[in-house]
Amino acid sequence: MFDNFPLWPVRASSGAATVDALYIFLVALSAFMSFAIFTMILVFAVRFRHRKGVEAEQIEGSLALETTWSVIPFFIFLFIFAWGAVIYFRERTPPRSAMEIYVVAKQWMWKLQHEEGQREINELHIPVGRDIRMIMTSQDVIHSFYVPAFRIKQDVLPGRYTMAWFHPTKPGTYHLFCAEYCGTQHSGMIGQVVVMEPAQYEAWLSGSPNVPLAETGQKIFAELGCSTCHRPDTQGRGPDLAGVFGKPVMLEDGRTVVADENYVRESILNPASKVVQGFKPIMPVFQGIVSEEQLSALVAYVKSLGQPGPGQTAGTSSAGPSNPPANEPAHEPKVQ
Ligand code: CUA
C-alpha cells in the first residue's frame with residue numbers, strides 16, 4: 001500500500017538503519033510532546049475558563065511537579081545526546097582497511113578517482129560490502145557530498161581534505177547530490193553512485209587499462225624534482241618519506257603532528273608551515289603549481305611508501321644533530 005509513498009530513502013549502507021532509528025525516535029518524541037501540549041491547552045482552557053460571578057483563584061506552584069518536568073526531559077536529552085554521539089563517532093572513524101576514493105569538486109561537477117587509477121565524472125562505481133573512504137577537496141567554493149541512501153553528507157572545502165566513509169550493503173544506483181549552494185548550476189551538480197557485486201566491479205575495473213594513482217604520483221614526484229631532496233640517504237636535504245604516512249612527525253618547533261593526508265597536502269603547498277625537526281625550511285612552495293588531481297596522486301604516492309616498524313618516529317633524518325628519541329609511541333593516524 002505504501003510502495004509509492006516512501007518516507008525514507010533506501011537504506012543502502014551499514015549506518016543507515018541507526019541514523020533512521022534516531023531520527024524516528026526524535027520525530028515520535030516531538031509528535032508526542034506536541035500532542036500532549038495541545039491537549040493540555042484545550043483541557044485547561046475549558047476547565048479554567050472565565051465564569052460569570054466566579055472569582056479567579058490564585059494557584060501556587062508545585063515543587064514536585066516542576067522538578068519532575070525538569071529532571072525527566074534532562075535525562076531524555078542526555079539520552080539523545082549520547083545516542084547521537086555514538087553515531088557521530090562511528091561516522092567520523094573510518095576503518096583502517098577502507099578502499100579510498102579521491103574526490104575533487106568544482107563548479108559544477110564531481111571528479112572522482114580510484115586508487116587503481118580509474119577516473120570518473122559525476123559517477124562512482126564501488127563494490128558492495130567494502131568500506132569506502134572518500135578523501136575530498138574542492139577546486140573553488142564549498143560543495144557538499146551527499147548520498148541520502150548512505151545517510152552521509154560531508155562538506156567539501158577548498159584548501160584542505162575532508163573525509164567521509166560508508167559501507168554499502170545493497171547493489172544499486174543511488175543519487176549523489178551537492179548539498180551546499182555553490183553557484184548558478186548548483187542544482188545540476190548531481191551524479192550517481194553505482195554499487196556493484198564484487199565480481200562485476202572487478203570486471204568494471206579491468207575494463208580499461210589504467211595507471212595506479214600512486215604510480216602517477218611517483219612520476220609527478222620525479223618531474224617536480226622532489227626526489228632530488230627527499231632521498232633515503234643522509235645527503236638528502238629533505239626528510240626521507242618512506243614509512244612517514246600515518247605516523248607522528250617531530251617538528252622543528254617542538255610539536256608532534258601525525259602525517260595524515262592534510263599534513264602531506266600542507267607540506268607540499270606550503271612547506272614552511274610545518275618543518276620537520278633537523279631540517280631547514282628550504283623547500284619551495286608548490287601552491288598554485290600543482291593541481292588538486294596532482295596533489296591526490298602525490299598523497300597516494302607518499303601513502304604507498306610503506307610503513308615503518310612500531311615505536312619509530314618517521315620522517316626524520318637518520319643522521320644529524322637533533323635526532324628525536326626512538327621511543328616515541330606509534331599513534332593511530334588522526335581521524336578527520
Ligand atoms: Cu556544488 Cu552545490
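**A walk through a predicted chain**

Let me begin with Val27, which has its place in helix H1, the helix covering residues 16-47. Is Val27 buried, partly exposed or exposed? Val27 is partly exposed, because its relative accessible area is 43%, and buried would require a value under 20%. Val27 also belongs to a nonpolar surface patch of about 610 Å², which is made together with Phe5, Leu7, Trp8, Tyr23 and Ile24.

Staying with helix H1, we can turn to the aromatic residues. A search of the whole structure finds 13 aromatic pairs, and one of them is formed by Phe25 and Phe79, whose rings are 5.7 Å apart from centre to centre, with 75° between the planes, an arrangement called edge-to-face. This pair links distant parts of the chain, since Phe25 is in helix H1 while Phe79 is in helix H2, residues 63-92, and the two are 54 residues apart. Phe25 counts as partly exposed at 26% relative accessibility, and Phe79 is likewise partly exposed, with a relative accessible area of 45%. Phe25 and Phe79 also form one aromatic cluster with Trp83.

A second pair to look at is that of Phe150 and Phe166, whose ring centres are 4.4 Å apart and whose planes stand at 15°, so this pair is stacked. Here too distant parts of the chain are linked, with Phe150 in the loop between S6 and S7 and Phe166 in strand S8, residues 162-166, which puts them 16 residues apart. Phe150 is buried, with a relative accessible area of 1%, and Phe166 counts as buried at 3% relative accessibility.

That brings us to the interior. In soluble globular proteins, nonpolar side chains tend to be buried together. In this chain the largest nonpolar core has 32 residues, and those with the most contacts inside it are Ile101, Trp110, Ile126, Met134, Phe145 and Phe150. If we leave aside neighbours within four places in sequence, the contacts of Phe145 include Trp110, Met134, Ile152 and Leu176. There is also a second, separate core of 30 residues, which includes Ile220, Val244, Leu251 and Ala300.

Next come some details in the loops. Where does Val141 lie? Val141 is found in the loop between strand S5 (132-138) and strand S6 (143-147), and with a relative accessible area of 31% it is partly exposed. Not counting residues up to four places away in sequence, Val141 touches Gln107, Val156, Pro158 and Cys182.

Asn122 is partly exposed, with a relative accessible area of 22%, whereas Arg151 is buried, at 12%.

Finally, let us step back to the whole chain, which has six helices and 12 strands. Of its 336 residues, 39% count as buried, and among contacts between residues at least 6 apart in sequence, 67% join residues at least 24 apart.

Technical notes
Residues numbered from 1 in each chain as written. Predicted model: local features only at pLDDT ≥ 70, side-chain atom pairs only at ≥ 80, totals over all residues. Heavy atoms only, no water. Helix = DSSP H or I, 4+ residues; strand = E, 2+ residues; numbered from the N terminus. Buried < 20%, exposed > 50% of the residue type's maximum accessible area, 1.4 Å probe, protein only. Contact = heavy atoms within 4.5 Å. Core = buried A, V, L, I, M, F, W, Y, C linked by side-chain atoms within 4.5 Å. Patch = residues over 30% accessible without salt bridge, like charges linked within 9 Å, V, L, I, M, F, W, Y side chains within 5 Å. Areas by Shrake-Rupley, 256 points an atom, 1.4 Å probe, with all protein chains shown as cover. Salt bridge = Lys/Arg side-chain N within 4 Å of Asp/Glu carboxyl O. Phe/Tyr/Trp six-rings, centres within 6.5 Å; stacked < 30°, edge-to-face > 60°.
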